Amino acid sequence: MTGLYVIIQVFFLECQGKGVFKSEYGYKITYIPKGILVVNLKITVKNIVYGVKYNINEEFCWEGMAMNNYVEDKYELVSPIEGKIISLSEVPDKVFTDILSKSGAAVDSTGDVVVSPADGELTLVFKEQHAFGITLDNGAEVIVHIGINTVELNGEGFQLLKEEGKRVKKGEPIIKFDRKAIENKGYSLIVPVIIANLDKVHDIKFVRGASVKAGKDTIYTYKID
């Protein structure tokens with residue numbers, strides 16, 4: 001995540017009341033309760049940009065202008081496996097090319113261990129162990145699908161390393177698989193990584209052809225409403 005910030009002309013002052021107020025100048029004044037927030041701001045004063053981090057340890061509020069310069073949170077997923085990034089339109093499966101083509105990206109994999117692409121809860125593991133779902137701390141729902149039509153293997157060649165319902169950290173191993181055995185059966189090991197709740201997630205961006213390492217390099221960035 002790159003961080004939430006606003007670009008405003010701003011100063012801090014002690015607040016006596018609670019809630020949202022308007023100053024005599026028409027500026028918005030917002031109450032911030034004691035001790036609940038660390039604010040990262042970029043403050044513009046006379047065309048000079050200052051990066052400032054404030055610990056809110058007293059009752060403060062901020063008064064500002066130019067609220068239309070609000071910038072959304074941007075997040076990233078790291079690749080769950082080593083390989084090269086491809087678009088979902090290149091995946092040899094019509095479910096991904098036709099229905100889910102705008103839902104994320106895929107990795108033309110070279111590794112054999114699949115890791116969590118972000119912090120969250122392992123909310124779903126398919127019984128065939130060829131795919132899993134994670135609900136991230138920011139509310140995004142991510143599905144990692146190992147290979148194409150590998151559901152047909154009924155779990156053969158896959159080893160689950162983390163139980164469903166557990167917390168997982170970015171880069172933590174989830175499933176290991178026997179790459180040679182699966183490829184010898186004629187299955188592609190392209191790994192699609194999709195967002196399931198696109199009603200909340202948008203602006204997915206990735207670099208096609210980029211080489212990625214599992215748990216380290218970004219597969220794509222996205223924003224949340």
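**View 1. V107 of β10 faces V191 of β18 across a strand pair.** In this predicted model, V107 stands opposite V191, a residue of β18. The two strands, β10 and β18 (residues 190-195), pair in the antiparallel sense, and five bridges connect them. On the β9 side, strand β9 (residues 83-86) is joined to β10 by four bridges, again in the antiparallel sense, and here I86 is the residue that stands opposite A106 of β10. Strand β10 (residues 104-109) has five of its six residues buried, so the strand is largely enclosed by the rest of the structure.

View 2. V191, which has its place in strand β18, counts as buried because its relative accessibility is 0%. Leaving out residues up to four places away in sequence, V191 touches P80, I81, A105, A106, V107, S109, V144, H145, I146 and G147. V91 lies 100 residues from V191 along the chain, and the C-alpha atoms of the two residues are separated by 8.8 Å.

**View 3. The open sheet of eight strands.** Eight strands are arranged in the order β16-β12-β13-β14-β18-β10-β9-β20, and they form an open sheet in which the pairing is antiparallel. Its edge strands are β16 (167-168) and β20 (211-212), each of which pairs on one side only. At the β20 end of the order, two bridges link β9 with β20 in the antiparallel sense, and K84 has S211 of β20 as its bridge partner. As background to this view, strands of a sheet pair through backbone hydrogen bonds, either parallel or antiparallel.

**View 4. The open sheet of three strands.** A further open sheet is formed by three strands in the order β11-β17-β15, with antiparallel pairing. Strands β11 (113-115) and β15 (158-160) stand at the edges with a single partner strand each, so one side of each is left without a neighbour in the sheet. From one strand to the next, the twist averages 20 degrees. Three bridges join β11 to β17 (residues 173-177), the two strands running antiparallel, and within this pair V115 stands opposite P173 of β17.

**View 5. The largest nonpolar core and a second, separate one.** The largest nonpolar core has 35 residues, and those with the most contacts inside it are L77, F132 and Y222. Two or more residues are given to this core by each of the elements β8 (74-78), β10, β12 (120-125), β13 (131-136), β14 (141-145), β17, β18 and β21 (218-224), and the largest share, four residues, comes from β21. When neighbours within four places in sequence are left aside, L77 is in contact with P117, A118, L136, V142, V193, I195, D217, T218, I219, Y220 and Y222.

View 6. Which residue other than glycine has a phi near 65 degrees? This is Q129, whose place is in the loop between β12 and β13; with a relative accessible area of 22%, Q129 is partly exposed. D203 also has a positive phi, near 55 degrees, and is likewise a residue other than glycine, but D203 lies in a strand, β19 (residues 201-205). The relative accessible area of D203 is 33%, and this residue is therefore partly exposed.

**View 7. The whole chain as context for the close-ups.** The protein chain contains two helices and 21 strands, and buried residues make up 40% of its 225 residues. Among contacts between residues at least 6 apart in sequence, 70% join residues at least 24 apart. The chain exposes about 12500 Å², of which carbon and sulfur atoms supply 50%. The average pLDDT of the chain is 77, and 68% of the residues score at least 70. Over residues 1-72 the pLDDT is below 50, although this stretch has 127 contacts in the model beyond near neighbours in sequence.

Definitions and conventions. Residues numbered from 1 in each chain as written. Predicted model: local features only at pLDDT ≥ 70, side-chain atom pairs only at ≥ 80, totals over all residues. Heavy atoms only, no water. Pairing = 2+ DSSP bridges. Axes fitted to C-alpha atoms, helices over the stretch in contact; angles between N-to-C directions. Buried < 20%, exposed > 50% of the residue type's maximum accessible area, 1.4 Å probe, protein only. Contact = heavy atoms within 4.5 Å. Areas by Shrake-Rupley, 256 points an atom, 1.4 Å probe, with all protein chains shown as cover. pLDDT = per-residue confidence, 0-100. Core = buried A, V, L, I, M, F, W, Y, C linked by side-chain atoms within 4.5 Å.
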